[in-house]
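Please read them with the coordinates open beside you.

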Amino acid sequence: MQHSSLYQYKPYNYSYSYDFVFAGAGVAGLSLLVRMLQSGLFNGFSFLLVDRDRKASDNTHWCFWERGRGYFESLVAHRWQKTWIHGPGYSDCIPIAPYEYKMIRKNDFYRYCLDYIKTRDNVRLLFEPVRSIRQHNNRGVLHLENGERYEAAIKLFQSFQLQPTPADRRILLRHSSGWVIETPSPQFDVSANTMMDLRMPQQDGVNFMCTMPLAENRVFIASNLISGKSPAEKADDERLSGYLRNNLCLSAYHVVDIEKRSTLMNSESRQSTDRNIVHIGGRHSFGLIQEESDAVLRAFLSNEDIGKACSHPHRFRFYDKMMNEALRHKHPSGAAHLTRIFRRNPVQRVFRFLDKQTTLTEDLQMMASLLGLS
Ligand SMILES: Cc1cc2nc3c(=O)[nH]c(=O)nc-3n(C[C@H](O)[C@H](O)[C@H](O)COP(=O)(O)OP(=O)(O)OC[C@H]3O[C@@H](n4cnc5c(N)ncnc54)[C@H](O)[C@@H]3O)c2cc1C
């Protein structure tokens with residue numbers, strides 16, 4: 001692989017050229033960039049990292065399942081070895097080994113990655129909004145809103161969408177609203193979280209609760225709604241307080257932190273025909289993004305196609321689309337279907353399916369359980 005000189009300035013077209021450009025300093029961009037830099041294999045290469053957001057402070061977190069030690073293991077704030085699934089007529093606490101459910105705080109992740117990146121003199125950080133990204137003359141070309149133009153001589157890694165795709169116009173939102181609460185006495189088992197409690201009214205969309213015990217008297221509880229529109233703020237609070245009262249039988253507690261987030265969760269459209277632009281991240285989980293980042297690094301080492309390392313078998317895109325359409329139409333028995341999946345399959349198979357790692361035979365087993373055939 002050839003590399004260009006650092007920060008090569010091209011006065012004839014006012015363009016700056018780097019070997020690698022990262023558009024997006026979220027989970028996907030930072031996970032891959034930090035791996036590349038820490039591998040020691042890219043010391044002679046130049047990098048540009050662009051994001052519109054400085055990541056100054058974000059008190060939210062990611063929770064995700066992962067097998068064994070992860071790349072960012074030292075940042076894990078909490079971990080659980082068992083998970084509860086509750087649905088209509090079903091409740092089970094399931095050991096998830098060899099997986100663990102982990103929590104990483106966004107502030108810790110961004111601080112670790114950005115502090116490390118700032119120590120490297122072959123990386124330039126730019127906090128500006130991007131206007132467009134396209135391929136031109138075998139290069140990935142990025143234009144900022146302020147008119148500046150940057151090129152990637154080798155690869156441009158893009159982790160956000162600029163233009164809404166046709167699917168985005170049929171909007172599907174995942175809305176999540178959470179509280180951290182404390183109780184006066186110990187109430188929670190810190191070895192088990194609740195991944196999904198579907199015993200909720202389902203008329204507004206697919207509605208489920210998660211609980212993540214942080215200490216015996218402290219828990220993060222989140223209400224999640226997958227729907228065509230955001231719920232009213234009051235509805236969030238009512239859902240959370242109702243769940244604490246009716247399902248967890250708690251009346252004495254105080255709320256110590258609040259978080260809210262809403263994001264599009266339409267089917268991904270990451271495949272690119274541009275040789276120099278690679279789409280990474282998307283609405284994948286933190287854990288899956290780590291696996292993809294490892295795969296990209298392996299592809300670099302073995303001189304394989306980087307784009308392929310980030311792609312998954314086509315059938316998973318089809319499953320994604322099917323799932324989104326079903327959710328968009330507020331499938332009346334969505335909660336029952338999801339419950340049946342957990343009831344009829346080992347949770348490890350469900351995790352592998354959601355991580356797009358199952359075999360076709362396992363996919364058929366998942367489908368059979370969904371349709372009530374197993
Ligand atoms: C409500 C909700 C809760 C979730 N909870 C979890 C969870 O608990 N665990 C989990 O594993 N996953 C969770 N996810 C999935 C989560 O989206 C991914 O884990 C992860 O954030 C995706 O990483 P990414 O790098 O692709 O995107 P992001 O982390 O969103 O990064 C994209 C970056 O691009 C930047 N950007 C966007 N547009 C522009 C532009 N025009 N110019 C410049 N910069 C731009 C953004 O500022 C951002 O930094 C959740 C998603 C939602 C919606």
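1. Which backbone atom lies 3.1 Å from an oxygen atom of the ligand? A backbone N or O atom of His284 lies at that distance, a polar contact being a pair of N or O atoms within 3.5 Å, where within protein one must be able to donate a hydrogen and the other to accept it, and residues adjacent in sequence count only if both atoms are side-chain atoms. Taken alone the ligand exposes 980 Å², and the protein buries 84% of that, with accessible areas taken from the Shrake-Rupley method with a 1.4 Å probe and, for residues, only the protein chains shown counting as cover.

2. On the source of these values, this is a predicted model, in which local features need pLDDT of at least 70 and side-chain atom pairs count only at pLDDT 80 or more, whereas totals for chains, interfaces and linings use all residues. Residues are numbered from 1 along each chain as its sequence is written, and side-chain values use heavy atoms, with hydrogens and water left out.

3. Two further polar contacts may be inspected at the ligand. A polar side-chain atom of Lys55 lies 2.4 Å from an oxygen atom of the ligand, while a backbone N or O atom of Val130 lies 2.9 Å from a nitrogen atom of the ligand. The ligand is surrounded by 28 residues, of which the closest are Ala28, Asp51, Lys55, Cys63 and Phe286; a residue counts as near if one of its heavy atoms lies within 4 Å of the molecule or strand in question.

4. As for the elements around the ligand, β4 (61-67) gives the most to the shell, with three residues. Helices (H or I, at least four residues) and strands (E, at least two) are DSSP runs, numbered from the N terminus, and the protein chain has ten helices and 18 strands.

5. Helix α5 covers residues 286-301, and its end C-alpha atoms are 23 Å apart, which agrees with the 22 Å that its 16 residues should span at 1.5 Å a residue, the expected span being 1.5 Å times one less than the number of residues. Twelve of the 16 residues of α5 are buried, among them Phe286, Leu288, Glu292 and Phe300; buried means under 20% relative accessible area, exposed over 50%, and partly exposed in between (1.4 Å probe, protein chains only). Asn303, which follows α5, has a positive phi near 60°.

6. Over the 374 residues of the protein chain, 51% count as buried. The accessible surface of the protein chain comes to about 17,900 Å², of which 51% belongs to carbon and sulfur atoms.

7. Some backbone geometry deserves a look. Most residues other than glycine have a negative phi, and most peptide bonds are trans. The peptide bond from Ala97 to Pro98 is cis, with omega near 10°, and Pro98 is found in the loop between β7 (90-95) and β8 (99-105). Phi of Asn137 is positive, near 50°, in the loop between β10 (130-136) and β11 (139-144), and Asn137 counts as exposed because its relative accessibility is 63%. Lys356 also has a positive phi, of about 60°, and lies in the loop between α9 (347-354) and α10 (360-370), but Lys356 counts as buried because its relative accessibility is 11%.
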